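Please examine the structure below with attention to its aromatic side chains and its surface charges. The paragraphs that follow take these two topics in turn.

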Amino acid sequence: MLIDIDELVIKCSDNNSKLFIEEAVKSYKAGAYRACINNTWLALVMNITFKIEQLALMNDAEAVKQKEILDKIKERNNISEMLNFERDILKTAREKFEFFDEITLIDLKRIQEDRNRCSHPLLNIDNEPFIPTAELARHHLYLAVEKVISEGNVFGKAALDKILQLINNPIFPLRYEDASIVLQKSYLSSPKKSLIVNLIKILLKDILNNEKNLRLNISKENVLKYLINQYRDITEETIRNSLNKLINVANTLHLRNSRNLIYIDSVIWEILTEDTKIMIQQYVLKLPPEHFEDIETWLSFAQTKQQACIRIHRSTREELMSHSPFFIVPKQIRERIFELYLQSKNYNEANNFSDTVLSIIDDAEKDELIQFIKKVRDNSQVYNSNSVGTVFWKIKNRDFFTEEEFNQILRDNDLKKFIVLDIPF
């Protein structure tokens with residue numbers, strides 16, 4: 001046990017606190033438990049003021065304010081004001097800077113209370129002085145070092161504010177690899193659990209409620225992905241405790257933006273409650289036309305692929321024409337586009353939809369193109385349209401076919417009139 005006590009000195013993050021912890025350890029070994037608790041409390045005070053001063057150097061507004069108060073007290077050598085500052089220091093550290101959580105605050109208040117009992121000649125109801133035990137002194141010593149003093153450059157509220165400023169900066173990198181390098185050099189390099197927890201809650205809420213700022217959403221998704229990769233246990237625990245409370249299944253925006261969370265890590269879907277999963281699947285099944293551009297993402301998730309396929313089968317020409325082209329058009333989308341083109345009821349429908357058909361030919365597989373060609377003759381409105389020749393011309397120029405092979409496919413399907421094509425594309 002004594003070896004473990006000695007190791008506490010090594011964990012001290014600043015020299016002034018280390019000095020008092022060394023004295024606390026020596027007092028403990030000598031059986032001077034009253035002195036041990038006194039020095040432990042002084043080490044706590046020194047560490048908190050040190051961290052406030054460090055934050056002031058970083059221009060944290062509240063830290064600058066507190067440092068000015070402390071500097072004036074020192075200049076005047078005002079003992080009563082110093083005692084007042086010391087009396088409220090735990091409250092200041094928790095409420096102004098979030099150096100520790102509420103549970104730790106309760107434990108630290110006990111150290112302060114016991115220190116006051118040790119330092120002031122007050123007797124209890126039985127007219128006996130307070131006599132601390134070895135167990136109490138050791139407990140306070142461990143708690144002060146492990147929960148507060150050993151925490152180096154990790155600060156609570158100020159760190160959270162700095163990280164959010166970093167993420168919200170328009171020059172924050174969008175590539176995950178670049179974002180990770182930046183984050184590794186930030187406060188997230190050695191964060192306290194409370195910092196991770198608070199940041200995750202903010203990220204989840206912001207991602208769910210973001211309507212239009214795509215760049216900012218990507219930044220926050222990258223940060224959440226980084227936290228999952230670096231601190232998976234804490235992150236998963238926080239998401240389990242928070243996500244289902246944040247998602248409103250009656251809010252279409254929340255259902256839509258859940259795709260951004262599910263995309264980050266498969267664990268997100270596992271964490272969702274069953275009713276939320278059902279509502280997301282129903283949302284995909286009846287995906288609003290204005291959100292049809294998201295269909296590729298929903299199609300990529302095993303949990304929503306079935307609903308996405310059904311929705312694609314119900315998609316309209318307008319939906320397929322009005323949205324930006326996919327980077328690589330999924331097969332299910334290609335099949336639907338070919339299907340709608342081949343179902344054209346008149347020349348205008350065929351001609352108006354031809355650009356959409358042309359946009360998918362480079363992504364189509366050879367078998368798809370052959371099956372499409374075979375069905376053109378079945379619809380005279382397509383067969384006789386002005387656009388179909390251009391469609392055939394683009395198919396012919398895919399590297400799937402030799403000229404003779406392509407011409408033979410046309411002959412076999414009663415499409416000989418398209419063999420000689422002189423249509424610029």
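Phe97 is buried in this predicted model, because its relative accessible area of 1% falls under the 20% limit. Phe99 likewise counts as buried, at 4% relative accessibility. The two rings form a pair: the centres of Phe97 and Phe99 lie 5.3 Å apart and their planes meet at 20°. Since planes under 30 degrees apart count as stacked, the pair of Phe97 and Phe99 is stacked.

A second aromatic pair joins Tyr341 and Phe372, with 6.0 Å from centre to centre and 35° between the planes, and this pair is tilted. Tyr341 belongs to helix H20 (residues 331-342), whereas Phe372 belongs to helix H22 (residues 366-376); the pair therefore ties together parts that are 31 residues apart in sequence. Both Tyr341 and Phe372 are buried.

Elsewhere, Tyr283, Trp298 and Phe301 are linked into a cluster by ring pairs. Over the whole structure, the search finds 10 aromatic pairs.

Lys96 is located in the loop between helix H6 (89-95) and helix H7 (102-119). With a relative accessible area of 37%, Lys96 is partly exposed, because this value lies between the 20% limit for buried residues and the 50% limit for exposed ones. Lys96 also takes part in a positive surface patch, which is formed together with Lys65, Lys91 and Lys109. Membership of such a patch requires over 30% relative accessible area and no salt bridge.

Conventions
Residues numbered from 1 in each chain as written. Predicted model: local features only at pLDDT ≥ 70, side-chain atom pairs only at ≥ 80, totals over all residues. Heavy atoms only, no water. Patch = residues over 30% accessible without salt bridge, like charges linked within 9 Å, V, L, I, M, F, W, Y side chains within 5 Å. Areas by Shrake-Rupley, 256 points an atom, 1.4 Å probe, with all protein chains shown as cover. Salt bridge = Lys/Arg side-chain N within 4 Å of Asp/Glu carboxyl O. Lys, Arg positive; Asp, Glu negative; His and termini not counted. Charge placed at Lys NZ, Arg CZ, Asp CG, Glu CD. Helix = DSSP H or I, 4+ residues; strand = E, 2+ residues; numbered from the N terminus. Buried < 20%, exposed > 50% of the residue type's maximum accessible area, 1.4 Å probe, protein only. Phe/Tyr/Trp six-rings, centres within 6.5 Å; stacked < 30°, edge-to-face > 60°.
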